[in-house]
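Visitor: I'd like to learn how to read a structure like this one. Could you take me through it, feature by feature?

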Amino acid sequence: MVKNKILVVEDDPAISSLIRTTLETQDYQYHTAQSGAGALIEAASYNPDVIILDLGLPDMDGVDIIKKVRSWSNMPIIVVSARTEDQDKVDALDAGADDYLTKPFSIEEFLARLRAALRRSHAEPKSSGDSVYRNGELSIDYAAGCAYVGGEEVHLTPIEYKLLCLLAQNTGKVLTHNYILKEVWGAPQASDIPSLRVFMATLRKKLEHTPGSPHYIQTHIGVGYRMLRQ
Ligand code: CA
């Protein structure tokens, strides 16, 4: 069994030590970096399965590191940051981070997010060629352009279908309002967010048994939406 390789980018020695100890107990391999420059070198040379990234580094902002890594790699990036503003999360996710964990965080949640990122990175090469998406009772037949819940076809408008496919193709990832607007409508404007909410509400009514406590599409208030893996 090949061990998963994690790159830990963190300049705070106490937090870096906590993360390293946690990774050791779970038998992960890791390298560490304390600066942005070091992170970029390690990302390229160590080629980790996941990057754990602090945003506040001495020489570079974490968001710039995300953008630089994204220019050549899709490796999962989990941001671990003390910044709690929605806008910080939006900026990191828009730049291409896969997930965002706010400090202080629980070890259990950290490990769960890490496992989810590793599952996605290992699943990606296989799922990209599949023409049918399956997630719990939900399935999408991309070739036919149809969605089903529990074997029953769900009748979606073209926009709802596009939204569903976008969320499905990024299962487990939080997609920001801006990203969704850009992908589905092409031209993002903050004023479109209320209409996005309306489309999401109707999509949920069609997919979810209880739209008030959704199984599939999770809302991240002020940030965006995430398709949950069942
Ligand atoms: Ca820091």
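Predicted model: local features only at pLDDT ≥ 70, side-chain atom pairs only at ≥ 80, totals over all residues.

Visitor: Which residues coordinate the calcium ion?

Guide: Donors here are N, O and S atoms within 2.8 Å of the metal, or 3.2 Å for Na, K and Ca; water is not among the atoms, so sites may look incomplete. In this model D11 (OD), D54 (OD) and G56 (O) coordinate the calcium ion at 2.2 to 2.3 Å. Along the sequence, the spacing of the donor residues reads D-x42-D-x1-G.

Visitor: How do D11 and G56 count in terms of accessibility?

Guide: Buried means under 20% relative accessible area, exposed over 50%, and partly exposed in between (1.4 Å probe, protein chains only). D11 counts as partly exposed at 32%, and G56 is partly exposed at 33%.

Visitor: At what angle do α6 and α7 pack?

Guide: Axes are lines fitted to C-alpha atoms, for helices over the stretch in contact, and angles run from 0 to 180 degrees between N-to-C directions. Helix α6 (residues 158-169) and helix α7 (residues 177-185) pack at about 125°, their axes 10 Å apart. That makes α6 oblique to α7; under 35 degrees counts as roughly parallel, over 145 as roughly antiparallel, 65 to 115 as roughly perpendicular, and the rest as oblique.

Visitor: Which residues of α6 and α7 meet?

Guide: Contact means heavy atoms within 4.5 Å. From α6, I159, K162, L163 and L166 meet Y179, I180, E183, V184 and W185 in α7. These residues divide into seven nonpolar, no polar and two charged. For those classes, Ala, Val, Leu, Ile, Met, Phe, Trp, Tyr, Cys and Pro are nonpolar, Asp, Glu, Lys and Arg are charged, and the others, Gly among them, are polar.

Visitor: And how does α6 cross α8?

Guide: The axes of α6 and helix α8 (residues 193-207) come within 10 Å and cross at roughly 80°. That makes α6 roughly perpendicular to α8. The residues of this contact divide into nine nonpolar, one polar and two charged.

Visitor: Which residues of helix α4 are buried?

Guide: In α4 (residues 86-95) they are V90, A92, L93 and A95, and they pack against α3, β4 (77-81), β5 and β10 (174-176). A92 has 0% relative accessibility, so it counts as buried. Leaving aside neighbours within four places in sequence, A92 is in contact with V63, I66, V79, A97 and Y100. After α4 comes G96, whose phi is positive, near 125°.

Visitor: Is D99 buried or exposed?

Guide: D99 counts as buried, at 3% relative accessibility. It is found in strand β5 (residues 99-102). Not counting residues up to four places away in sequence, D99 touches I77, I78, V79, L93, R113 and R226.

Key:
Residues numbered from 1 in each chain as written. Heavy atoms only, no water. Helix = DSSP H or I, 4+ residues; strand = E, 2+ residues; numbered from the N terminus.
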